[in-house]
Amino acid sequence: MNLTRRVSEQSTAITVYVFPEGGLLEELVTADGYHHFSVPTRAAMPERLARYIDQAQVAGSEDRVVYEGPTAALEDPEEQVAQQQLADTRALTVMTAADGGGAGVQVSLMATSEAVLAMDTPDTMGESTEVRTVSAEGLIALIDAAIPEVAGA
């Protein structure tokens, strides 16, 4: 599992290595290239990653859909609400996770000045996507579901 967070001109990354029997290794690569390692518990990981994504703690208490439709239509002038919210992005985190069987997920998470938005990452601009605000609890649940399971875990 990998999370890459971009703020202004700086990027950081967290890679989570998942091992059998519930073992996790977290590697944080800072903007200046330092690697920090920790060994959190599986139960603690979703909240740790939620703090990384939403450092300003702007995730609210409600999950709701802001936009649903073709990705390319997000640039349509009629989609001003979604455009304004996306334009207010203060930190962009791309979360990618894959299990040993090849199944995976990729979600873009935008922390704005007032909310955290989640958008599935479709393969092409013509595919449909959904942009939604996620609550603090919803963000933790999203992360929890994305952490790969390993045989023997």
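**View 1. Salt bridges across the predicted model.** A search of the whole structure turns up 7 salt bridges, each a side-chain nitrogen of Lys or Arg within 4 Å of a carboxyl oxygen of Asp or Glu. This is a predicted model, in which local features need pLDDT of at least 70 and side-chain atom pairs count only at pLDDT 80 or more, while totals for chains, interfaces and linings use all residues. Residues are numbered from 1 along each chain as its sequence is written, and side-chain values use heavy atoms, leaving out hydrogens and water.

**View 2. R42 and D144 pair up.** Here the side chains of D144 and R42 form a salt bridge (2.7 Å, N to O). The partners are 102 residues apart, with D144 in helix α3 and R42 in the loop between β4 (35-38) and α1; helices (H or I, at least four residues) and strands (E, at least two) are DSSP runs numbered from the N terminus. Salt bridges with shared partners also join R42, D144 and E149 into one network.

**View 3. R6 meets E9.** The closest N and O atoms of this salt bridge are 3.6 Å apart. R6 is partly exposed at 37% relative accessible area, whereas E9 is exposed at 66% (buried is under 20%, exposed over 50%, partly exposed in between; 1.4 Å probe, protein chains only).

**View 4. I143 in the largest nonpolar core.** Among the 23 residues of this core, M1, L49, M95 and I143 touch the most other members; such a core is a set of buried Ala, Val, Leu, Ile, Met, Phe, Trp, Tyr and Cys residues joined through side-chain atoms within 4.5 Å. Helix α1 gives the most, with 5 residues.
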